[in-house]
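The following note sets out several points on the structure shown below. Please read each point alongside the model.

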Amino acid sequence: MAATSIAPLLVDPTRLSILSLLSTARWAEFTFVRDTVGLSDSALSKQVGKLSDHGYVEVRRGYVGKRGRTWINLAPAGRGALESHISALQEIIGQARATGEAYVPPSART
């Protein structure tokens, strides 16, 4: 069953959105991720912390001029988890559709 490939951390739609966004960007600025995903600074920090603790994202802090900036990048482990998670979801959907298409309601059976 595909459920074994489901990444428990990515069941949360917010974390799934963050990794999906980062899969197409390289070292995205914190504010870009925050605005795109629609979170507050503190909510994004909390989610990025969880993703970082699992090795799914890398965080880099620095300065642009005198202003502090934070950048986030999808780590190889995060890319693998995301791809596996998406494949598992696609498999579940495919199985459900095939089962649904093959279903014959009791009232239609002769």
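Which residues have the most contacts inside the largest nonpolar core?

1. Basis of the note. This is a predicted model, in which local features need pLDDT of at least 70, side-chain atom pairs count only at pLDDT 80 or more, and totals for chains, interfaces and linings use all residues. Residues are numbered from 1 along each chain as its sequence is written, and side-chain values use heavy atoms, with hydrogens and water left out. Helices (H or I, at least four residues) and strands (E, at least two) are DSSP runs, numbered from the N terminus.

2. The nonpolar core. Leu-10, Leu-19, Leu-22, Val-33, Leu-51 and Tyr-56 have the most contacts inside the largest nonpolar core, which has 19 residues. Two or more residues of this core come from each of H1, H2, H3, E3 and helix H4 (76–102). H1 gives the most, with four residues. Such a core is a set of buried Ala, Val, Leu, Ile, Met, Phe, Trp, Tyr and Cys residues joined through side-chain atoms within 4.5 Å. Buried means under 20% relative accessible area, exposed over 50%, and partly exposed in between (1.4 Å probe, protein chains only).

3. Leu-10. Not counting residues up to four places away in sequence, Leu-10 touches Arg-15, Leu-16, Leu-19, Leu-51, Tyr-56, Ala-81, Leu-82 and His-85. Contact here means heavy atoms within 4.5 Å.

4. Helix H3. Leu-44, Gln-47, Val-48 and Leu-51 are the buried residues of H3. They cover an arc of only 100 degrees around the axis, which means that they lie on the same side of H3; the arc is that of the directions from the helix axis to the C-beta atoms. An α-helix has 3.6 residues a turn, so residues three or four places apart point the same way. Ser-42, Lys-46 and Asp-53 are exposed on the other side of H3. The cover over the buried residues of H3 includes helix H1 (13–22), helix H2 (30–37), strand E2 (57–64) and strand E3 (67–74). After H3 comes Gly-55, with a positive phi near 80 degrees.

5. Helix lengths. H4, with 27 residues, reaches 39 Å from its first C-alpha to its last, close to the expected 39 Å. The expected span is 1.5 Å times one less than the number of residues.

6. Helix H4. Gly-78, Ala-81, Leu-82, His-85 and Ala-88 are the buried residues of H4, and the buried residues of this helix pack against H1 and E3. Ser-84, also in helix H4, is partly exposed, with a relative accessible area of 30%.

7. The loop between H1 and strand E1 (28–29). Thr-24 is found in this loop and is exposed, with a relative accessible area of 69%. Thr-24 and Asn-73 are 49 residues apart in sequence and 9.9 Å apart in space, C-alpha to C-alpha. Trp-27 is also placed in the loop between H1 and E1, and its phi is positive, near 50 degrees, in a residue other than glycine. Arg-60 lies over the face of Trp-27, at 3.9 Å from the ring centre; the rule requires NZ of Lys or CZ of Arg within 6 Å of the ring centre and within 35 degrees of the ring normal.

8. Asp-12. The segment before H1 holds Asp-12, which counts as partly exposed at 25% relative accessibility. Asp-12 and Gln-47 are 35 residues apart in sequence and 9.9 Å apart in space, C-alpha to C-alpha.
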